[in-house]
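Please open the model in a viewer and keep the sequence panel at hand.

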Amino acid sequence: MSDRFPMPMPFGWFGIGYSDELAIGEVRNVHYFNRDMVLFRTESGRLGLADPACPHLGAHLGHGGTVQGESIRCPFHHWQYATDGVITDIPYASRIPPKWEGKPCLKTYPVCEENEVIWAWYHPEGAAPDHEVIALDEIDDPEWSERARFQWSFDSCPQEIAENGVDVAHFKYVHGMEAVPEGETSYEKHIRRSRVSGSRTVSDEAGNEFEIESAVQVVQNGAGQKWVRFSGFMEYLLQVLVTPVNDARVEVRFIYIHRPYAEDSFEYMGIQGAIESTNGQRGLEGDIPIWQNKFHQRNPVLCDGDGPIMRFRKYFAQFYVGGPYPDEGGLPADLEAVS
């Protein structure tokens with residue numbers, strides 16, 4: 001916990017990289033969740049994510065460690081460990097130490113690949129995942145072949161960024177746009193869904209105006225996976241990945257996916273305009289200076305135009321061990337009262 005954010009890091013699946021950026025046999029040092037880790041890919045393509053210290057005599061597996069078959073090999077004495085932390089070979093020993101034969105002695109963490117992203121499960125007490133990363137239909141659809149990736153790093157925490165979507169009043173004052181309605185919203189355990197739809201007037205490349213039906217669908221799956229689907233005269237998908245580096249710093253990745261449009265087409269220009277708007281002052285980059293310096297208010301003074309902020313906080317509270325404010329013994333009374 002930090003001075004500005006009294007909440008601990010939430011648990012869940014968080015994106016820590018892209019599948020196509022980790023080659024077979026590669027070993028990479030990564031730092032998330034306030035811990036150093038070593039990420040590697042075995043010869044069969046399987047992922048491993050482990051503590052960096054070799055349990056033997058403490059050599060750093062990410063500095064000189066190599067992949068050997070389905071194991072990572074320590075650079076010091078060449079002990080090898082499988083992706084589950086079990087010793088697979090000690091080249092100068094007649095047998096594996098009996099206490100550790102078939103048992104993990106290298107600490108490892110749950111890791112998976114989905115939607116072209118490498119995901120790591122974080123839980124402060126080491127509990128196993130209680131939900132899975134949801135696969136998105138567009139990823140393997142050959143008609144959705146275009147990708148655009150963007151990344152930012154700044155001081156904030158996952159809840160502050162996620163809460164931004166229900167803070168409807170700020171859209172006018174930070175982004176210079178009209179308030180965005182919450183629409184139809186549902187909460188089911190760790191999943192939140194919302195949908196806003198309606199008619200819009202747009203102009204084509206010739207300046208002709210016409211009405212279209214458009215919709216924006218948002219899904220939050222746990223603390224770390226979120227995506228937005230846009231439909232109308234163009235369609236695109238935005239994955240929003242917010243990953244805690246430590247108690248007070250995050251990495252944010254935006255991954256846009258859309259159908260291929262000719263570069264001189266109305267749809268292509270619309271997609272590029274949408275990306276620029278979502279990334280820029282009318283979107284994320286307009287929020288960063290606020291997030292970078294704001295203080296989390298446990299009991300904010302709210303008015304009737306603020307949006308369902310407390311309802312969202314109650315939803316997000318389930319991703320903290322002991323609640324968002326463990327020093328207070330759980331949720332504040334006003335959060336408990338939210339339906």
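The stops below cover a strand residue, aromatic rings, salt bridges, a helix, a pocket and a cavity.

**Before starting**

The model is predicted: local features need pLDDT of at least 70, side-chain atom pairs count only at pLDDT 80 or more, and totals for chains, interfaces and linings use all residues. Residues are numbered from 1 along each chain as its sequence is written, and side-chain values use heavy atoms, with hydrogens and water left out.

**Stop 1: Gly12**

Select Gly12, which belongs to strand β1. Helices (H or I, at least four residues) and strands (E, at least two) are DSSP runs, numbered from the N terminus. Gly12 has 0% relative accessibility and therefore counts as buried; buried means under 20% relative accessible area, exposed over 50%, and partly exposed in between (1.4 Å probe, protein chains only). Apart from neighbours within four places in sequence, Gly12 touches Ala120, Trp121 and Tyr122, a contact being heavy atoms within 4.5 Å. To place Gly12 against another part of the chain, select Cys112 as well: the two C-alpha atoms are separated by 12 Å, and the residues are 100 apart along the chain.

**Stop 2: aromatic rings**

Across the whole structure, 19 aromatic pairs are found. Rings of Phe, Tyr and Trp (its six-membered ring) pair if their centres lie within 6.5 Å; planes under 30 degrees apart count as stacked, over 60 as edge-to-face and the rest as tilted. Select Phe11 and Phe319, whose ring centres are 6.4 Å apart with planes at 85°, so this pair is edge-to-face. The pair joins distant parts of the chain, 308 residues apart: Phe11 is in the segment before β1 (12-18), and Phe319 is in the loop between α5 and α6 (333-336). Both Phe11 and Phe319 are buried.

Next, select Tyr32 and Phe33, a tilted pair with 6.2 Å from centre to centre and 50° between the planes. Tyr32 and Phe33 are buried. Then extend the selection to a cluster linked by ring pairs: Phe11, Trp13, Trp121, Tyr187, Phe312, Tyr315, Phe316, Phe319 and Tyr320.

**Stop 3: salt bridges**

How many salt bridges does the structure hold? There are 13, each a side-chain nitrogen of Lys or Arg within 4 Å of a carboxyl oxygen of Asp or Glu.

Select Arg229 and Glu138, whose closest N and O atoms are 2.6 Å apart in a salt bridge. Arg229 lies in strand β15 (residues 225-231) and Glu138 in the loop between β10 (117-122) and β11 (146-154), so the bridge ties together parts that are 91 residues apart in sequence. Arg229 is partly exposed, at 23% relative accessible area, whereas Glu138 is buried, at 9%.

Move to Arg28 and Glu26, another salt bridge, at 3.2 Å from N to O. Arg28 is partly exposed at 26% relative accessibility, and Glu26 is partly exposed at 25%. Glu251 and Arg253 also form a salt bridge, at 3.2 Å from N to O, and both residues are buried. To finish this stop, select Asp20, Glu21 and Arg149, which are joined in a network of salt bridges.

**Stop 4: helix α4**

Display helix α4 (residues 284-293), where the buried residues are Leu284, Gly286, Asp287, Ile288 and Trp291. These buried residues pack against β11, α1 (158-163), α2 (170-175), β17 (249-258) and α3 (266-279).

**Stop 5: the second largest pocket**

The second largest pocket holds about 310 Å³ of space. Its lining has 19 residues, and those closest to its centre are Glu160, Glu163, Asp167, Lys294 and Ile309. On a 1 Å grid over the protein atoms alone, a cavity is a set of points where a 1.4 Å probe fits but cannot get out, and a pocket is an open set with protein on both sides within 12 Å along at least five of seven lines; lining residues have an atom within 4 Å of a point. Grid points are joined across faces, edges and corners, and a volume is the space filled by probe spheres set on the points.

Which helix gives the most to this lining? Helix α4 does, with three residues; α1, α2, α4 and α5 (309-316) each supply at least two. The lining comprises eight nonpolar, four polar and seven charged residues, where Ala, Val, Leu, Ile, Met, Phe, Trp, Tyr, Cys and Pro count as nonpolar, Asp, Glu, Lys and Arg as charged, and the others, Gly among them, as polar.

**Stop 6: the cavity**

The structure has one cavity of 30 Å³ or more, and the volume of the largest cavity is about 50 Å³. Select its lining: Phe5, Met7, Pro8, Met9, Pro10, Ser156, Cys157, Pro158, Pro244, Asn246, Asp247 and Tyr320. Nine of these lining residues are nonpolar, two polar and one charged.
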